[in-house]
Amino acid sequence: MGPTNIALVKLFRADQNLRIAQERYDTAARSVRILERKVADLTGKLTFSQQTLREQQAAAANLDLDLTMREAHIEKLRTQQQQAKTNKEYQIFLTEINTEKVDRNRVEEDAIRALEVVERTQGEVKGLQGQLDEEQKKLTDVKAQLGGKLSELQVEIDQLKPAREDAFNDVPPRAVKEFERLAERFEGEAMSALEKPDRRHEEYVCGACQMTLVVDVYNRLHSRDELVTCPSCGRMLYIPEELPPEVAVNKAKEVKEPRPKKEKAVSKSGPSVGARINRQSSAEDVVNSVTIEEDSEETAPAAGSGSDTNDQPPAEA
Ligand SMILES: [Zn+2]
């Protein structure tokens, strides 16, 4: 593959590694986050209940004061009644006392109801406080258990960031923009490896969506520095290590024989993306031999799953 595609694959892998680490952290931190949310929720409810309780207690105290004053007033009227000089005066006090008593009884009922409300809210506050204490204890325990693990995972993330950053800077701006667009769309899975389902047939599929691809996709990725996307899912395609030319193209023996050492080097370059850069010097040779082989291989087009572009790659290359 050309330098842009090599840089893209490097970015893709560094990005995937970082995403995996981030996901591990998020999964581990989830229990903490859930408990933190519960604690915050309960704290809010408790604060509200406590505020309500204070208001209800103030209202009950006012009614209590009102009641005391009314009782004092009735006592005073009774005293005055005792000192009444005429029966008429006595009757007037009696009527007033009875009216006051009706009001007093009403206030007393209100005061009793207010106390009931206060007691109910006190129960609520107590219950919430209990729940909050419980969740807070759980949170402390989980944090103690996870603390070490979370910081380990954070260290891992921090260590992976520079590699992703470097890889990002190595990709040309236009390609990096496309990469980011696709990464956003596919939750990081911006690229898809070519797959060759049947070793005997020169047929490739998109590793992500399994769409059958035109046969020249391998040559285009291998010999030119183009961005090639899957026509079905839209991901950028790349050649994985396990699909070197001698595996990817038919009649591997014919390719291998002329330069066995170089071909071996290509197949060994597998896991390291960096090694792919070194192989660029020989890539053209490999492709040339692939092209020659395809030209001379009469059965090659027929093996290409009936795709109408089977006979194009040699002509273009
Ligand atoms: Zn696809």
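This is a predicted model: local features need pLDDT of at least 70, side-chain atom pairs count only at pLDDT 80 or more; totals for chains, interfaces and linings use all residues.

Trainee: How do you know what confidence the predictor has in the protein?

Mentor: The mean pLDDT, where pLDDT is the predictor's confidence in each residue from 0 to 100, is 83 for the protein, and 79% of its residues reach 70 or more. Among the elements, β4 has the highest mean pLDDT (96), and helix α8 (residues 273-296) the lowest (41). Over residues 252-317 pLDDT stays under 50.

Trainee: What makes Cys206, Cys209, Cys230 and Cys233 donors of the zinc ion?

Mentor: Donors are N, O and S atoms within 2.8 Å of the metal (3.2 Å for Na, K and Ca); water is not among the atoms, so sites may look incomplete. The SG atoms of these four cysteines lie 2.3 Å from the zinc ion, and they therefore meet the definition. Their spacing in sequence is C-x2-C-x20-C-x2-C. Cysteine 209, in the loop between β2 (204-206) and β3 (212-213), and cysteine 230, in the loop between α4 (217-223) and β4 (236-238), are 21 residues apart and link distant parts of the chain.

Trainee: Why is the site of the zinc ion called tetrahedral?

Mentor: Four donors count as tetrahedral if all angles lie between 85 and 135 degrees. The angles among the four donor atoms are 101 to 118 degrees, so the site is tetrahedral.

Trainee: Are cysteine 209 and cysteine 230 buried, exposed or partly exposed, and why?

Mentor: Buried means under 20% relative accessible area, exposed over 50%, and partly exposed in between (1.4 Å probe, protein chains only). Cysteine 209 is at 29%, so it counts as partly exposed, whereas cysteine 230 is at 2% and therefore counts as buried. Cysteine 233, at 10%, also counts as buried.

Trainee: How many disulfides does a search of the whole structure find?

Mentor: The search finds zero, a disulfide being a pair of cysteine sulfur atoms within 2.5 Å.

Trainee: What makes β1 largely enclosed by the rest of the structure?

Mentor: Four of the five residues of strand β1 (residues 191-195) are buried, so the strand is largely enclosed. A strand here is a DSSP run (E, at least two residues), and a helix is one of H or I with at least four, numbered from the N terminus.

Trainee: How do you know that β1 pairs with β4 and with β2?

Mentor: Two strands pair if DSSP finds at least two bridges between them. β1 and β4 have three bridges, in the parallel sense, and β1 and β2 have two, in the antiparallel sense; both pairs therefore qualify. Serine 192 has leucine 237 in β4 as its bridge partner, while leucine 194 stands opposite cysteine 206 in β2.

Trainee: In what order do the four strands of the open sheet stand?

Mentor: The order is β3-β2-β1-β4, with mixed pairing. β3 and β4 stand at the edges, each with a single partner strand, so one side of each is left without a neighbour in the sheet.

Key. Residues are numbered from 1 along each chain as its sequence is written. Side-chain values use heavy atoms; hydrogens and water are left out. Four donors count as tetrahedral if all angles lie between 85 and 135 degrees; four count as square planar and six as octahedral if opposite donors are over 155 degrees apart and all others between 65 and 115; anything else is irregular. Contact means heavy atoms within 4.5 Å.
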